[in-house]
Protein chains: 2
Amino acid sequence: MGKVPLGEQTLYIGIDGGGTKCRARIITDDQRVLGTGVGGPANPFHGVQQTKDSIRTAAELAAQEAGLSPADMGRLIAGVGLAGVNVPSLYTVMNQWHHPFKQMFLTTDLHIACLGAHNRDEGAVMIAGTGSCGYSYVNERALFLGGHGFPIGDKGSGAWLGLEAIKAILLASDNLGPQTSLSDPIADLLQAKGVMIVDKLFGARSADYARFAIYVMDAADAGDEVAVRIVKDGATYMSDVARRLWATQPGRMSIIGGLAPRLVPWMDADIANRLSPALNQPEFGAVYFARQAMKKMLSIEPVSSFS
Amino acid sequence: MGKVPLGEQTLYIGIDGGGTKCRARIITDDQRVLGTGVGGPANPFHGVQQTKDSIRTAAELAAQEAGLSPADMGRLIAGVGLAGVNVPSLYTVMNQWHHPFKQMFLTTDLHIACLGAHNRDEGAVMIAGTGSCGYSYVNERALFLGGHGFPIGDKGSGAWLGLEAIKAILLASDNLGPQTSLSDPIADLLQAKGVMIVDKLFGARSADYARFAIYVMDAADAGDEVAVRIVKDGATYMSDVARRLWATQPGRMSIIGGLAPRLVPWMDADIANRLSPALNQPEFGAVYFARQAMKKMLSIEPVSSFS
């Protein structure tokens, strides 16, 4: 391979921030992974400071694993994909961060997921994790669908499934809706029964509701009618998202996120069968993005203006 | 009437705390209203300190109007009804408050609404305001329905109508749901169109969503299919609540709250026709409650233990 010594190489860090955790991966210019790290939640919609802290934690852990010194953080070219930064005010706030890197190139979590999944500029992805959304990039035009956040959007996501489950459990506990087998496992998890779960959900956020999603999927798979209705509603939405994305002719489409393997069997068969596996994780897409952004900068600005 | 001089009378203050405002009314032992005041939001589920501040503001304004000095606050026997205090932890926190009154008797907003609406111990009420819920008190047994708060409950409430409207507008703006005439007035209100409303809803709470309810009612009355579906869903829930309350044989049932007059025409006719007007406002119910609680205390404790 004729490796360039590490000390002379350009080092990249790819960062993927989501509602429950933040992943960082340090990658050399010749594509070797030197270290990875995981931090806490990194969705600026739910907390800008927490997002910065989580990115920093993930980056420091990755640098540690890569055998880099704390001072080396200033060498890294960072590609950062975050949920929520399609909202202009959040993009601005995050982009003004006095980050610890040499350069930081910020884009959406969807954009880096798409670049990673297809290892090329064009394609489409859906995310089904704590949140949900769809994205395609074709002929230099991006289409965002969903991803509006909790509780106003993100249908079919873990947080949405969890919230719908809680609503159904409360209706059942008031005898104002059908009984559901969801009540018992979620009572066990929350250590509270019926209306007492309200107390336990005080101040709960999207990641808290997403914890219940697995129980909704289990109950739906076991035929619980309330859970089936919720899951079908969410999966139908994701199928609708896929149809609109295919209309942009992205060539290739993937679905990623912790909920994806459980949700796909509930999606319309014609949609589920056309999905392709993601080739690389979003962190690789983030580095791909940073590398392209660097190239653009080099082609329009003198090198001396960088640091 | 043979009035007792004001300086010698027992003075009561009735306080009704809700998601958007807090009303206080100072009433003499012989039922004369001396002053009223209005403070900000007072739902401890959304902020305990704000609730205390709003109660204090409402009480001070009422005392001012009554011509009482600040020191007179310590003379008042307070009956306080608050949303959210059916959650035990919130009841405890609010009840431990170092309040400015001589005595404070705390109960739910539903309880004082019911006592006020019927001017007697037994009856049933539904509230359709920022939140929604149902309550009946018959044979010394209380039944609470709904009132679980936003976003997990309170179907049919202003906040719920507003949230459902925002969800529908976002689906429409993604072409993933039917278009709706709701989009334009809410875009005007938020000074943002389509997906840009997400930015404006950053950190929005139940009272913020409840602002949209009137537009949902207007659109439904004008026949907009999306709005009709939302309003019918909410009104059907309230009809179901009423049926469960009637099953407890409360004798009399009222619906109160800012949204009630608009929602009733959408409820099932057999339910809507059996509703009776509320006789008094909840603040009078709060004083009724405080007076009864005082009587109970006097019958079991020596007077000297009061202050």
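**Sheets, helix packing and chain arrangement in the predicted model**

In chain A, strand β2 (residues 22-28) runs antiparallel to β3(A), and six bridges connect the two strands. The structure described here is a predicted model. Within this strand pair, A:C22 has A:G39 of β3(A) as its bridge partner. Both strands belong to an open sheet of five strands in chain A, whose order is β3-β2-β1-β4-β5 and whose pairing is mixed. The edges of the sheet are formed by β3 (33-39) and β5 (103-108) of chain A, each of which pairs on one side only. With direction ignored, neighbouring strands of this sheet are turned against each other by 15° on average. Strands of a sheet in general pair through backbone hydrogen bonds, in either a parallel or an antiparallel sense.

Two helices of chain A are placed against these strands. Helix α1 (residues 48-65) of chain A packs on the sheet and touches β1 (11-17), β2, β3 and β4 (77-82) of chain A. The direction of α1(A) makes about 145° with that of β3(A). Helix α2 (residues 88-95) of chain A lies across β4 and β5 of chain A, and runs at about 165° to β5(A).

A contact between two helices was also found in chain A. Helix α3 (residues 109-118) and helix α12 (residues 282-300) of chain A pack at an angle of about 100°, and their axes are 7 Å apart. Because angles of 65 to 115 degrees count as roughly perpendicular, α3(A) is roughly perpendicular to α12(A). On the side of α3(A), the contact is made by A:H111, A:I112, A:A113, A:L115 and A:G116. The residues contributed by α12(A) are A:P282, A:G285, A:A286, A:Y288 and A:F289. By class, the contact of α3(A) with α12(A) comprises seven nonpolar residues and three polar ones, with no charged residues.

Another strand pair of chain A consists of β7 (residues 132-138) and β8(A), which pair in the antiparallel sense over six bridges. In this pair A:V138 stands opposite A:R141 of β8(A). The two strands form a hairpin with two residues between them, and A:N139 in the turn has a positive phi of about 50°. A positive phi also occurs at A:Q191, where the value is near 55° in a residue other than glycine. A:Q191 is placed in the loop between α5 (183-190) and α6 (197-200) of chain A. Most residues other than glycine have a negative phi, and most peptide bonds are trans.

In chain A, the bond from A:F150 to A:P151 is cis, with omega near 0°. A:P151 is in the loop between β8 (141-146) and α4 (158-173) of chain A. In chain B, a cis peptide bond joins B:F150 and B:P151, and omega is about 5°. B:P151 is found in the loop between β8 and α4 (158-173) of chain B.

In chain B, four strands make up an open sheet with the order β8-β7-β6-β9 and mixed pairing. Its edge strands are β8 (141-146) and β9 (253-256) of chain B, each pairing on one side only. From one strand to the next, the twist averages 15°. Within this sheet, strand β7 (residues 132-138) of chain B runs antiparallel to β8(B), to which six bridges join β7(B). B:Y137 stands opposite B:A142 in β8(B). Helix α9 (residues 225-246) of chain B lies across β6 (123-128), β7, β8 and β9 of chain B and runs at about 165° to β6(B).

The arrangement of the two chains was then examined. Chain B is superposed on chain A by a rotation of 180° with 0.0 Å of shift along its axis, at an RMSD of 0.1 Å. The two copies are therefore related as by a two-fold rotation axis. In chain B, the C-alpha nearest this axis belongs to B:P151 and is 3.7 Å from it. The same surface serves both copies, since 100% of the contact residues of chain B recur in chain A.

In an unreviewed entry, UniProt places the feature "domain: ATPase BadF/BadG/BcrA/BcrD type" at residues 13-247 of chain A. Over these residues the chain is 43% helix and 21% strand. The end C-alpha atoms of residues 13-247 of chain A are 33 Å apart.

Definitions and conventions: Residues are numbered from 1 along each chain as its sequence is written. Chains are lettered from A and ligands numbered from 1 in the order in which they are written. This is a predicted model: local features need pLDDT of at least 70, side-chain atom pairs count only at pLDDT 80 or more; totals for chains, interfaces and linings use all residues. Side-chain values use heavy atoms; hydrogens and water are left out. Copies are superposed by least squares on the C-alpha atoms of residues with pLDDT of at least 70 in both. Contact means heavy atoms within 4.5 Å. Two strands pair if DSSP finds at least two bridges between them. Axes are lines fitted to C-alpha atoms, for helices over the stretch in contact, and angles run from 0 to 180 degrees between N-to-C directions. Angles under 35 degrees count as roughly parallel, over 145 as roughly antiparallel, 65 to 115 as roughly perpendicular and the rest as oblique. Ala, Val, Leu, Ile, Met, Phe, Trp, Tyr, Cys and Pro count as nonpolar, Asp, Glu, Lys and Arg as charged, and the others, Gly among them, as polar. UniProt positions are given in the numbering used here, feature names are shortened, and annotations may be inferred rather than shown by experiment.
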